[in-house]
Every structure is written in structure tokens, then in C-alpha cells.
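Hi,

Here is the structure I promised to pass on. Have a look at it first, and then read on for what turned up in it.

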Amino acid sequence: MTLQEAKFEYLLRLGDSSLIIGHRLSEWCGHGPILEEDIALINIALDFVGNATSLLTYAGQVESKGRDEDALAFMRGEREYRNLLITEQPNGDYANTIARQFLFDTYMFFLYEELKNSKDETIAAIAVKTHKEITYHLRHTSEWMLRLGDGTAESHERLQNGLNDLWMFTSEMFEMDEVDAFLIKEGIVPDLNKIKANWEKRVFEVLAEATLQIPTTTFKQKGSKEGKHSEHLGFLLAEMQYVHRAYPRAKW
Amino acid sequence: MDDAKQLEAFEAKIASGAKIEPKDWMPEAYRKQLIRMMSQHAHSEIVGMLPEGNWITRAPNLRRKAILLAKVQDEAGHGLYLYSATETLGIDRSELLAQLHTGKAKYSSIFNYPTLTWADIGAIGWLVDGAAIMNQTALARGSYGPYCRAMVRICKEESFHNRQGYEIMMHLAQGTPEQKALAQDALNRWWWPSIMMLGPSDDQSPNSDQLMRWKVKMESNDAIRQRFIDRTVPQADFIGLTIPDKDMKLDEKTGSYTHGPINWDEFFEVIKGNGPCNANRLKARVDADKKGAWVREAATAYAAKRSKEKLVA
């Protein structure tokens with residue numbers, strides 16, 4: 001594996017996760033529980049799409065095969081996508097969306113905090129901008145964890161169910177392979193074990209304050225690093241990519 | 001002061017160009033009319049998120065997706081501050097939303113048409129936002145302070161929306177033959193609804209002198225419509241699209257375009273609830289409200305627990 005190959009692969013992982021979770025959040029547009037949340041969710045979705053655009057643009061430059069951010073976003077199929085499985089899970093009810101977002105935002109917060117120190121200047125610059133945004137996102141989702149966890153019996157139950165259902169997708173966030181090993185050695189990306197420790201500490205603190213139980217699921221799902229996804233991703237990409245693919249020579 | 005004297009002072013204040021503020025005395029008819037207009041405007045913003053939101057997940061590239069997200073977020077923001085501005089008249093948002101959900105309150109007729117292709121996103125920005133700006137820049141000169149101030153900000157954002165819509169249409173019109181066909185088809189479907197959304201013609205909608213004098217209504221529907229048409233027809237020409245009105249022609253003397261007959265039967269059917277998407281739009285709003293009820297209850301319960309803790313501490 002070359003440095004170029006490892007960086008390209010890693011940038012896809014980051015960029016795809018942002019793009020897919022941004023897509024899921026944008027599905028809430030016009031259907032949120034209260035107008036303020038409609039605004040917040042669209043705003044957060046926009047941040048993720050922006051972050052994905054920066055990362056995929058850079059991925060295309062690193063790859064040097066003439067693919068830009070749109071070629072990477074719209075012309076790759078299910079098996080070529082590298083987003084974490086948690087990001088493609090359907091929205092479910094609002095508690096499920098908040099649980100998914102909280103688990104992922106916490107991961108992203110600690111990951112990008114480290115990526116700010118990347119020896120790759122472009123990654124470091126993207127991380128500085130993203131970390132500012134994700135700090136707000138995490139505050140937003142953490143507050144909703146408390147409101148729903150410690151709100152009514154119904155909201156508590158819904159949120160606990162959401163957490164339980166999503167828990168099996170969390171360990172994948174900290175899986176490392178030869179790409180990680182290569183880039184850690186180069187000082188470009190952090191060791192995910194460090195992120196995991198920070199993530200667990202923060203997640204457990206918020207769950208305790210929200211009067212929620214740490215899920216006991218031990219069953220784990222993984223596969224995104226090899227492009228093995230859940231069945232949900234195919235439908236998501238079919239929707240996202242169809243206009244782009246239907247008019248092959250078009251500029252928009 | 002008796003009512004007659006207060007009314008005289010109120011009208012003198014408006015005539016002088018000063019704004020009426022929430023705590024000022026105002027006639028009940030003024031308050032009611034503003035609540036009706038402002039809430040209708042707020043409802044239009046949030047119902048309008050639906051036809052545009054329909055294309056966020058399918059936008060043709062990342063740049064267009066980001067722009068559309070930002071635009072729809074703006075519309076939601078407009079809804080929020082218009083509801084807030086309406087609340088200054090002594091009615092709260094939940095009551096206004098209940099009026100929307102029961103069909104008592106209206107929203108703009110235009111959002112009862114479907115967005116069938118990506119080009120419709122261009123057509124909405126160009127035509128619908130373009131028509132809305134014509135109306136809203138006039139309303140920004142009205143008499144009620146909170147509404148005027150909201151309108152100034154809204155118009156700034158709407159003019160961005162208008163330009164991005166036109167830019168989408170320009171790219172399509174100058175693109176492949178398939179893209180140009182999409183653009184022309186969208187113009188064909190959105191043109192008449194866009195000129196209708198500015199309201200019935202003046203002979204069917206007499207503006208009372210009182211509303212004009214109170215600066216609630218600033219200009220007649222036909223005058224605003226004519227300004228919109230005169231501005232838009234050359235824009236269509238410039239990008240090589242054809243306005244779907246065979247009677248449209250430039251009157252050399254006035255510099256204005258005359259247009260063919262408007263199908264007002266269609267307009268009144270849509271207003272009555274019989275447009276292509278009335279039922280879907282209302283159902284989407286009612287469903288979102290119902291599905292969100294437990295979330296709002298949880299937030300209220302949580303806030304009550306926290307304020308109780310503060311009292312104990």
C-alpha cells in the first residue's frame with residue numbers, strides 16, 4: 001500500500017460517513033417535531049454535506065485520476081462506499097435519530113479534535129473547520145439526549161430503544177486496519193483506541209445524566225471498510241444518485 | 001382617550017410614515033387583518049419547505065444540494081420569525097398552527113402544485129420567489145413595525161433564492177437538449193400558477209381604502225403582477241425559454257407586456273382545497289405535528305424538572 005492509496009481510502013471513509021448521515025438528516029426536512037428542530041436538522045445536514053464535499057474533493061486530488069467530488073459521490077456504487085454502518089441506518093422516530101446522531105457526533109468530535117494535528121495540512125485544515133461545527137452539533141444532540149432521556153416515560157422508553165437498536169453499530173467506529181496503521185505511523189491520523197476511550201467516557205456520562213442504561217448488546221456489526229453495508233444503503237444511493245446518473249453528459 | 005380620538009391619532013401616525021409597534025393602540029380590524037396576513041405568510045414558508053425539500057435528497061450534485069439545503073433552511077427561518085412577529089399581536093404559535101391544521105388558515109396557493117423534476121427547483125426560485133419578492137418589497141414599506149422588519153430581512157434572502165433559481169434554469173437552458181426540455185417544461189407548468197399566486201385581479205378583489213390607508217395593503221394585485229411579468233419575460237428571453245402564453249406581447253407605448261386570460265377557475269379551485277397537492281401538503285404538516293407531540297411534551301417535562309430543581313437549590 002502506498003501513502004497515496006491509504007490517504008485516498010481514509011478520506012473516503014470520512015467523506016462518505018458525513019455525506020450519508022447528512023443525507024439521512026436532510027430526510028427530516030419539513031417533517032421535524034417542531035420548527036426550531038427543522039431548522040437545526042437542515043443546518044446540521046448542510047454542515048455534513050459541506051464537510052463531505054471538502055473531503056471528497058481532496059480525495060479526488062489525492063487519487064489523481066480525474067475524479068472530482070461529484071464523480072466520487074454520485075458514480076460509486078454500494079460496494080465502493082466506505083461510510084460507517086451507523087450513518088446509513090434509517091431515521092426511525094425522533095429518539096432514534098437523536099441516538100444515532102449523538103453516538104456519531106461524539107465519535108466525530110473526538111476524532112476531528114485529533115485530526116486537527118494531522119501532518120497532512122489539508123486534513124488538518126478541514127478538521128479545524130469541522131471541529132468547530134461538530135462542537136455545536138454535539139451540544140445540540142447532547143441536550144436532546146437529556147430532554148428525551150429524562151423527559152417523559154414515553155420519551156425515555158423510545159430513546160432507550162433507539163440506543164439499544166443502534167449499539168451494535170458503535171464498535172465499528174473504532175475498528176482499525178492496515179490503512180489506519182499506515183497513516184498513524186505517518187502522523188496523519190490518530191489511533192482510534194484513544195478516540196474510543198474518550199468516546200466511552202463522554203457517552204457514559206451523558207447516558208447517566210439522561211437516566212439511560214448502557215445497552216448490553218454484545219453483538220457487533222462491521223463491514224463498511226470493505227464496502228459491506230446494510231440493505232439500506234442501496235436505496236439511499238439509488239435516490240441520491242439517480243438524477244446525476246440519468247443525464248450522463250449534463251452539467252448542473 | 002376615546003376610540004375615535006385614538007383612531008385619529010393612529011391614522012395620523014401611519015400617514016406620517018411612522019411604524020405601529022406591538023404595544024401601541026390599534027383598531028381591532030387592523031390587528032385581525034395583520035394576524036391573517038402574517039400567519040398566512042408564515043404558513044406559506046413552512047408548507048413551501050415540502051415541495052422543495054422533496055428534491056434535497058436527489059439534487060444532481062453536491063453544490064446544488066448544499067444550496068438547496070441552505071435555501072430551505074432560510075424558508076424555515078422565515079417561518080419562525082414570521083410566527084414570532086405574529087405573536088406580537090397577541091396570539092401564539094400553537095393557535096396559529098391549529099388554524100393551519102384544521103384548514104381555517106390558508107397558505108399560498110402555489111405550494112399546492114407538485115415538484116416533478118429537478119428543474120422545478122429552478123422554476124420555484126426564479127418564478128415563485130421572484131413573484132413573492134415583488135409583493136414583499138412593497139409590504140416592507142407597510143405600517144406594522146415587526147412585520148416590516150421581518151420583511152426587510154426576508155427580502156434580502158429571497159433575492160438570493162431568486163438568483164439561485166434563475167442560475168439553475170440558465171444552466172439547464174444552456175445544457176444538453178434533455179436539460180433544456182426539463183427547463184421549458186418546468187416553466188410551462190409554473191408560469192401560470194406563479195402569476196396567479198399574486199392574488200385575484202383587482203376587479204375581483206377590491207382593495208378597501210381602509211387597508212391602503214392603514215398601509216396593510218400597499219399595492220393592488222394587478223400592479224404587482226404586472227411588475228413581476230415585466231421583469232421576468234426578458235429574463236426568459238435571455239436564456240432562450242418561451243413564456244407559455246401565446247398572447248404575451250410587448251406594448252411599445254407603455255413598455256409593459258400584455259398577457260392572455262388567466263384561468264381564475266383553476267386558482268379558486270386550488271384555494272378551495274382542490275389543487276393537485278392540497279391534501280398531501282396538509283397531511284404532511286398534520287402528521288409532523290402529531291408525530292412530534294411526544295417530543296414537545298418531553299422537552300416541556302424536562303424543562304419543568306430543571307426549573308423545579310433550581311427553585312429547590
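Let's start with a pocket. The second largest pocket has a lining that splits by class into eleven nonpolar, nine polar and six charged residues. Its volume is about 430 Å³. Before you go further, keep in mind that this is a predicted model.

On chain B, the helices α2, α11 and α12 each supply at least two residues of the lining. With six residues, α11(B) gives the most.

Now for the largest pocket, which has a volume of about 1,100 Å³. There are 46 residues in its lining, and those nearest its centre are Gln40(B), Asn135(B), Met197(B), Leu198(B) and Gly199(B). If you colour chain B by element, you can pick out α2, α3, α5 (119-139), α6, α9 (221-238) and α10 (264-274), each of which gives two or more residues to this lining. Which element gives the largest share? That is α2(B), with ten residues. By class, the lining of the largest pocket comes to 22 nonpolar, 14 polar and ten charged residues.

Next, the place where the two chains meet. How many residues does each chain bring to the contact? Chain A brings 48 residues and chain B brings 46. Between them the chains bury about 4,000 Å², and 69% of that is on carbon and sulfur atoms.

Three salt bridges are found between chain B and chain A. One of the salt bridges you can look up joins the side chains of Asp150(A) and Lys305(B), at 3.0 Å from N to O. As for polar contacts, eleven residue pairs are counted between chain B and chain A, with both residues at pLDDT 80 or more.

Where on chain B does its side of the interface come from? The elements that give two or more residues to it are α2 (28-53), α3 (62-87), α6 (145-173), α7 (177-196), α11 (278-291) and α12 (293-312). The largest share belongs to α3(B), with 13 residues. Sorted by class, the side of chain B that touches chain A has 26 nonpolar, ten polar and ten charged residues.

Rolling a probe the size of a water molecule over the atoms shows where empty space is left. In this structure there are four cavities of 30 Å³ or more, and the largest cavity holds about 180 Å³ of space. It is lined by 18 residues, and Arg13(A), Leu14(A), Leu84(A), Tyr107(A) and Leu111(A) are the closest to its centre. The elements that give two or more residues to this lining are α1 (3-26) and α5 (94-115) of chain A. By class, the lining of the largest cavity has ten nonpolar, four polar and four charged residues.

Cheers

How values were computed
Residues numbered from 1 in each chain as written. Chains lettered and ligands numbered in written order. Predicted model: local features only at pLDDT ≥ 70, side-chain atom pairs only at ≥ 80, totals over all residues. Heavy atoms only, no water. Contact = heavy atoms within 4.5 Å. Buried area = accessible area lost by both parts, 1.4 Å probe. Salt bridge = Lys/Arg side-chain N within 4 Å of Asp/Glu carboxyl O. Polar contact = N/O pair within 3.5 Å; in protein donor to acceptor, adjacent residues only side chain to side chain. Helix = DSSP H or I, 4+ residues; strand = E, 2+ residues; numbered from the N terminus. Nonpolar A, V, L, I, M, F, W, Y, C, P; charged D, E, K, R; others polar. 1 Å grid on protein atoms, 1.4 Å probe; cavity = no way out; pocket = protein on both sides within 12 Å on 5 of 7 lines; lining within 4 Å. Points joined across faces, edges and corners; volume = space filled by probe spheres on them.
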